[in-house]
Amino acid sequence: MQVTDFDVLIVGGGLAGLSLACALRDTRLRVALVEQRPPLPVPGWDARVYAISPANADFLRAMGIWKHLPTERMAPISAMKIFGDSNAELDFSAYETGIPELGWILESSLMACELWESIKRQGNLTLLCPAVPKVLEMSSGAAQLTLGDGRSLSARLLVGADGRDSWVREMMGLRTINTLYGEMGLVANFECQHPHHGIARQWFRHDGVLAWLPMAGHRLSIVWSTPDENALAMLALPAEELCSRVAAAGNDELGAFQLLTPAAAFPLRLMQVPQIVAPRLALLGDAAHGIHPLSGHGINLGYQDAKALAGLLVATPDWQDIGSERLLARYQRQRREETLLMQTVTHALHQLFRKTFPGLRPLRNFGMNLTNTLPVLKNLLVRYAIGAF
């Protein structure tokens with residue numbers, strides 16, 4: 001069997017894993033990435049989109065990725081409007097915050113394909129694809145990974161970036177705490193009759209949380225977090241009826257809708273991983289955490305994981321062991337605060353608008369309206385959310 005030694009071995013070629021590999025491009029480290037299949041361009045418009053914060057746009061820009069993304073398929077977010085379930089509203093504006101935009105709406109496949117093309121040209125990286133991990137063994141000096149075809153790989157540090165159902169995390173026996181929401185995230189893209197002017201909209205409704213995310217042109221993408229039975233019922237609707245229902249749920253603010261991509265849905269859960277590092281191991285991205293999509297921060301957390309871990313590895317002297325648990329604990333501490341904050345806030349908001357206790361509805365809507373009258377608080381909230389501190 002062929003044995004190959006590396007400094008960093010990344011399992012998983014999603015956005016988080018790819019961005020870590022790319023962030024280590026100009027380093028002395030020997031990097032390998034294991035992935036079962038390469039990302040493929042999506043015909044038409046990708047129904048899976050992300051709201052990328054300015055901080056993560058800067059991260060992609062620093063790696064040379066941002067300049068290669070097609071500007072005609074990117075949409076800046078100029079403002080956000082959030083609606084409660086009883087005449088409450090909260091507005092955020094890039095102009096009022098003193099920044100060019102609150103974020104960008106980007107298709108997942110565009111970022112994945114550009115990151116993939118970048119690492120394929122990376123001199124210090126070995127790309128193992130298609131490849132499937134089969135056996136993982138840890139010793140005091142190295143992580144040993146055996147692939148399905150018999151190849152054996154050794155690394156001082158193994159990074160699990162293989163998604164929410166992480167094989168690496170399971171093999172290492174790292175505990176997860178899962179909270180099932182009994183909901184699915186329904187996603188689809190639409191052409192809308194009226195211009196959205198770069199405004200992202202979100203409604204807290206009796207049947208879940210609906211987000212309209214502005215895309216290039218007169219297009220938008222939705223994420224409707226709704227109970228399983230409602231999501232399945234909407235998946236079964238004819239295209240014209242689904243368009244009417246989504247438009248009406250947003251009070252027809254953008255006129256009539258036309259479906260661009262078939263609707264899809266995925267189950268939602270809160271996933272907490274108390275320990276994301278161990279000797280010779282670090283988790284990042286969806287392997288390390290899962291949050292409700294109402295905040296739009298899923299991939300933003302993953303990119304910041306990659307940035308933090310890459311920064312730590314780059315700053316580590318040659319004589320120091322990059323796989324030591326003491327060193328990796330610094331990465332865990334650095335990422336714990338933001339991850340915990342986002343998980344706590346999104347879960348609390350979800351529960352707040354899901355509960356139907358007497359008197360709770362007017363109280364939560366009063367709080368939203370009150371926050372909207374406090375410019376300093378609004379500015380602090382939006383600047384933290386976009387990573388502008």
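This is a predicted model: local features need pLDDT of at least 70, side-chain atom pairs count only at pLDDT 80 or more; totals for chains, interfaces and linings use all residues.
## The ground rules

Local features here need pLDDT of at least 70 and side-chain atom pairs count only at pLDDT 80 or more, while totals for chains, interfaces and linings use all residues. Residues are numbered from 1 along each chain as its sequence is written, and side-chain values use heavy atoms, with hydrogens and water left out.

## The chain as a whole

The protein chain has eleven helices and 20 strands. These are DSSP runs numbered from the N terminus: H or I with at least four residues for helices, E with at least two for strands. Of its 389 residues, 54% are buried; that word means under 20% relative accessible area, with exposed being over 50% and partly exposed in between (1.4 Å probe, protein chains only).

Take the contacts (heavy atoms within 4.5 Å) with a separation of 6 or more: 73% of them come from residues 24 or more positions apart.

## Around helix 2

Helix 2 spans residues 54–62, and its buried residues are Pro-54, Ala-55, Asn-56, Ala-57, Phe-59 and Leu-60. Their cover includes helix 1 (15–23), strand 3 (49–52), strand 7 (103–107), helix 4 (108–120) and helix 8 (298–315). After the helix comes Gly-64, with a positive phi near 80°.

Asp-58 and Arg-61 join their side chains in a salt bridge at 2.5 Å, N to O. The term covers a side-chain nitrogen of Lys or Arg within 4 Å of a carboxyl oxygen of Asp or Glu. Three residues apart in helix 2, the two partners are separated by about one helical turn. Arg-61 is partly exposed at 41% relative accessible area, and so is Asp-58 at 46%.

## Aromatic rings

Searching the whole structure turns up six aromatic pairs. Rings of Phe, Tyr and Trp (its six-membered ring) pair if their centres lie within 6.5 Å; planes under 30 degrees apart are stacked, over 60 edge-to-face and the rest tilted. Phe-190 and Phe-257 make a tilted pair, 5.5 Å centre to centre with 40° between the planes. Phe-190 sits in strand 12 (residues 177–192) and Phe-257 in strand 16 (residues 257–259), so this pair ties together parts 67 residues apart in sequence. Both are buried.

For Trp-203 and Trp-212, the ring centres are 4.8 Å apart and the planes at 70°, so that pair is edge-to-face. Trp-203 is buried at 5% relative accessible area, and Trp-212 is buried at 2%. One aromatic cluster takes in Phe-83, Phe-190, Trp-203, Trp-212 and Phe-257.

## More salt bridges

The structure has 15 salt bridges. In one of them, Arg-73 meets Glu-107 at 2.9 Å, N to O. Arg-73 is in the loop between helix 2 and strand 4 (75–77) and Glu-107 is in strand 7, so the pair links parts 34 residues apart in sequence. Arg-73 is partly exposed at 21%, whereas Glu-107 is buried at 1%.

Glu-338 pairs with Arg-335, the closest N and O atoms being 2.7 Å apart. Both are buried.
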